[in-house]
Amino acid sequence: MRILRSSFGFSRRLKRLLKVESRRPVESESLTSLAWTPPIQIFVSKEPGIFVLDQRRRFSIMPEIETNQRDSDLFSPPSDVRGMTKLDRTAFKKTVTIPVLRVRKEIVNQLMRSLKRAVLQRPGTKRVIEDPEDEEIRLIMLDPSKMLTENSFEKAELSILEKFNVNPQISKYNLELTYEDFKSEEILRAVLPEGKDVTSAFSRVGHIAHLNLRDHQLPFKHLIGQVMIDKNPGITSAVNKVNNIDNTYRNFQMEVLSGEENMMTKVRENNYTYEFDFSKVYWNPRLSTEHNRITELLKPGDILFDVFAGVGPFAIPVAKKNCTVFANDLNPESHKWLLHNCKLNKVDQKVKVFNLDGKDFLQGPVREELMQQLGPHSQERKHSMHIVMNLPAKAIEFLSVFSSLLDGQPCNEFLPIVHCYSFSKDANPAKDVQQRAGAALGISLESCSSVHIVRNVAPNKEMLCITFQIPAAILYKDHTLNLENHEHPPLKRQRTEKAFSEEKTQIASTD
Ligand SMILES: C[S@@+](CC[C@H](N)C(=O)[O-])C[C@H]1O[C@@H](n2cnc3c(N)ncnc32)[C@H](O)[C@@H]1O
């Protein structure tokens, strides 16, 4: 941001830029854009370049809403950028007139504390500048919506000024705003059709801004992408989701709107590092809390089976806790980056990685490990086994695989705990998920599961996680065999089930 002194005493370049006329008195054209003014007279002060607001005139006070509205206009980009589809940064140049108070530099800090109310509060805009004419003097920028004349100071403020021997006379200053001074939202609001949503929110995936533009924003997509890059340090590429995630591997179809085409990126989540090609695998920064929630449930020595592991955001933190992890993903690219990230985070010895369909993974490596862990020679279990199934659009369909999965094996009561994700658009999403998961298993889960709301995906669409211990009646056809106390559902609860049922965030199974 550049602060420009108006009128004489300055470089020719600045004068040209400002085109200030030294008429006397002058009906203020520039002030018409200001928040506080009906047209007022200004006089050129004795001091070159500083205009003094006419103190003989009383100002009418505008209703607050209108004042705020006009104040925000003052700091918005020029109106002729509306409809721009190719970014022209030079078109955002604008000069605004700001009231200022001239003070000696040594008292600035003391004054700023007492003048908080009156001082301009605009993030990114300097509140104190050096008087270009006198290095001993500072100019305190005042809030144009509040500070019209010295009468605008409150009594207490005036007495502070008097105490420090400061003349309360307000001067005005021409401040040049450029593209750099506007926030992304201000730029988009000025460019996009009036009254339409300009939301500048995006998901950040390493150097990539991942946008989800609405139809009315599409004609401006390249400009929007460039603004995101310009205004967000570290972002060098902006992509737009082309359609919903409906492909098998859950990666986005995306279009690069602006910046680098390179989608190879690196992210940090919960203190772990992940590298991957964002155009080929699934990654959602909004799941970090969920990844952490599940990680916290496991204790050293526990076993995790991650059926839809992606590039490792459950598998890697859990392995770091000294657990054994079996991680699987059908997408060969996810599998490749999962292996890579295990090495990167130094847990490759703890994670066994597979590239199978979820069903084959459950019926193959998972079944084998369960048989070993639950078999006749297993010691009394001290550790829990968790099966994470994060494929919300489909995971419930995979639950039927558990039916008779351990048939013929000696029955054991230390059974694995499943965390299965699902979307729901139902008015009672928790109940809906319980019912659908129960139906897939052929039992009622109402009294022996908990449901956690993970996030709101869209209006009326929730992502949830249902957690339950797989009933023996499901895993074993004849589940009474070798089971000392011959339990039937509802099941005897184990340590880990107790742990998850104690979570504050869970929804009561009966709700
Ligand atoms: C929603 S992502 C979750 C990834 C990871 N667990 C996370 O939390 O970020 C689902 C993953 O399941 C994988 N996937 C999709 N269908 C699959 C299947 N039939 N068997 C195994 N993995 C599958 C996708 O490639 C994707 O990586």
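Begin at Ser 145, which is buried, with a relative accessible area of 18%, where buried means under 20% relative accessible area, exposed over 50% and partly exposed in between, using a 1.4 Å probe and protein chains only. Ser 145 sits in the loop between β7 (134–141) and α4 (155–163); helices (H or I, at least four residues) and strands (E, at least two) are DSSP runs numbered from the N terminus.

Residues are numbered from 1 along each chain as its sequence is written, and side-chain values use heavy atoms, with hydrogens and water left out.

Now colour by pLDDT, the predictor's confidence in each residue, from 0 to 100. The protein chain has a mean pLDDT of 81, with 77% of its residues at 70 or more. Over residues 1–69 pLDDT stays under 50, and the model has 145 contacts beyond four places in sequence for them, contact meaning heavy atoms within 4.5 Å. Residues 481–511 also have pLDDT under 50 throughout, with 67 contacts beyond four places in sequence. Where pLDDT is low, the predicted coordinates should not be read in detail.

Select helix α5 (residues 184–191) next, which is largely enclosed by the rest of the structure because six of its eight residues are buried. Those buried residues are Ser 184, Glu 186, Ile 187, Leu 188, Ala 190 and Val 191, and they pack against α6 (221–231).

Which residues does UniProt place under "binding site"? The unreviewed entry lists His 291, Asp 329, Leu 330, Asp 357, Gly 358 and Asn 390, although such annotations may be inferred rather than shown by experiment.

Display distances to the ligand: a polar side-chain atom of Asp 329 lies 2.6 Å from an oxygen atom of the ligand, and an N or O atom in the side chain of Asn 390 is 2.9 Å from a ligand oxygen atom. For Gly 358, a backbone N or O atom lies 2.8 Å from a nitrogen atom of the ligand. The protein covers 97% of the 600 Å² of accessible area that the ligand has on its own, as computed by the Shrake-Rupley method with a 1.4 Å probe.

Stay on Gly 358, in helix α10 (residues 358–374), which is buried at 3% relative accessible area. Beyond four places in sequence, Gly 358 touches Val 307, Phe 308, Asn 328 and Phe 398. Is Leu 330 buried or partly exposed? Leu 330, in the loop between β16 (324–328) and α9 (332–344), is partly exposed, with a relative accessible area of 33%.

Finish at Asn 341 in helix α9, which is buried at 0% relative accessibility. Asn 341 and Val 311 are 30 residues apart in sequence, yet 7.1 Å apart in space, C-alpha to C-alpha.

Terms used:
Predicted model: local features only at pLDDT ≥ 70, side-chain atom pairs only at ≥ 80, totals over all residues. Polar contact = N/O pair within 3.5 Å; in protein donor to acceptor, adjacent residues only side chain to side chain.
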